[in-house]
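Me: I am new to this structure and would like to know what its terms rest on. Please show it, and then I will ask.

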Amino acid sequence: MDIRSVGVVGAGQMGNGIAHVFALAGYDVILTDVNESALKNAIDIIDRNIERQVSRGKVSAEDKAAAMARITTTMTLADVGPTDMIIEAATERETVKQAIFEDLLPHLKPHTILTSNTSSISITRLASRTDRPEKFMGFHFMNPVPVMQLVELIRGIATDQETWDAMHEVVRKLGKTAASAEDFPAFIVNRILMPMINEAVYTLYEGVGSVQSIDQSLKLGANHPMGPLELADFIGLDTCLAIMNVLHDGLADTKYRPCPLLTKYVEAGWLGRKTQRGFYDYRGETPVPTR
Ligand code: NAD
């Protein structure tokens, strides 16, 4: 199966990174979003991020120009239908993702492979709402996409071997490394990472430590490159909460109960870096803890 063109649905922090790495690897990319300014921002961010790679000597100016020329944007979801592979990277909400796949169906080529970059939602359930569950998989990038080496490949119950092999080959062509995960809530990375972040929020909620002392403890005490609260802000607190809810509902175990303080931040619209406020306030020169 020869994959040449890729449709990316959702041009947020993951969508722009996904478009970036596919375009640099030589794929034609068409990026769509319901929000016009997200599309414009995405192109600016991709341009800036590839320029940084040029200034470090990792990418040539010619390769950058070619990559930028391979990316087109559209507000019309149907335009991404006739591609070889689609990666859905919209907001982490099952109804949103289901509606996207349903709306895409009439516009797909018979061979188009559907994938979702979901952090936690059942691949099997998303696939079952399409006309091609055997050509449906989880293709889960890590954030920031251009920097992180891993792609988690998640097999739905109906995913066929040909689709799996084709996606494995795409990961190889992107210069990344695949890890296989079975389709259970939050797969591997977030099944382990997100309860740790949620526990860090409980530690803050119960007054065991301040934002600063919690992050410092994990950085200096466990050699983590980022503290858990700093990382939560980086991921997006809405995404963190959505993943905890999927773990809680999907595994029916109270150990995955989302911390009420995490819910409160999301209710306030303090979603982390993307809204400039979360466990830290990013509006000034340096991030300032908000608690
Ligand atoms: P984000 O909030 O930065 O971006 C989501 C984008 O989706 C927004 O631009 C929004 O306008 C768009 N969108 C919403 N509904 C849409 C629709 N119907 N059609 C097209 N676009 C639509 O979120 P993100 O952090 O980029 O996350 C996107 C996906 O990637 C989620 O499924 C998330 O779980 C997953 N993910 C996130 C991370 C992370 O660290 N943030 C890591 C891995 C995977």
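Predicted model: local features only at pLDDT ≥ 70, side-chain atom pairs only at ≥ 80, totals over all residues.

Me: What makes α9 a helix, and which residues does α9 span?
Reply: Helices are DSSP runs of H or I with at least four residues, strands are runs of E with at least two, and both are numbered from the N terminus. Helix α9 covers residues 228-235. Just after α9, G236 has a positive phi of about 110°.

Me: Why is α9 called mostly covered?
Reply: Six of the eight residues of α9 are buried, namely P228, L229, L231, A232, D233 and I235. Buried means under 20% relative accessible area, exposed means over 50%, and partly exposed lies in between (1.4 Å probe, protein chains only).

Me: Is T163 buried or exposed, and how do you know?
Reply: The relative accessible area of T163 is 0%, so T163 is buried. T163 sits in helix α6 (residues 161-173).

Me: What is T163 in contact with, leaving aside its neighbours within four places in sequence?
Reply: Contact means heavy atoms within 4.5 Å. By that rule T163 is in contact with I113, E134, K135, F136 and M137, its neighbours within four places in sequence being left aside. T163 and I113 are 50 residues apart in sequence, and 7.2 Å apart in space from C-alpha to C-alpha.

Me: Why does E92 count as buried?
Reply: E92 has 14% relative accessibility, and therefore counts as buried. E92 is placed in the loop between β4 (85-88) and α4 (94-104).

Me: What makes the pair E92 and S120 a polar contact?
Reply: A polar contact is a pair of N or O atoms within 3.5 Å; within protein, one must be able to donate a hydrogen and the other to accept it, and residues adjacent in sequence count only if both atoms are side-chain atoms. The side chains of E92 and S120 are joined at 2.7 Å. The side chain of E92 also reaches the backbone nitrogen of S119, at 3.2 Å.

Me: How many residues surround the ligand, and what makes a residue near?
Reply: A residue is near a molecule or strand if one of its heavy atoms lies within 4 Å of it. 25 residues surround the ligand, and the closest are D33, E92, K97, S119 and I235. A polar side-chain atom of E92 lies 2.5 Å from an oxygen atom of the ligand. The protein covers 86% of the 840 Å² of accessible area that the ligand has on its own. Accessible areas come from the Shrake-Rupley method with a 1.4 Å probe; for residues, only the protein chains shown count as cover.

Me: Which element gives the most to the shell around the ligand?
Reply: α4 gives the most, with three residues.

Me: How do you know where the domains lie?
Reply: Domain bounds come from an automatic or database domain assignment. For the protein chain, the assignment gives domain 1 (5-181) and domain 2 (190-289). Their centres, taken over C-alpha atoms, are separated by 26 Å. Eight residues of domain 1 are in contact with eight residues of domain 2. The shell around the ligand draws at least three residues from each of the two domains.

How values were computed
Residues numbered from 1 in each chain as written. Heavy atoms only, no water.
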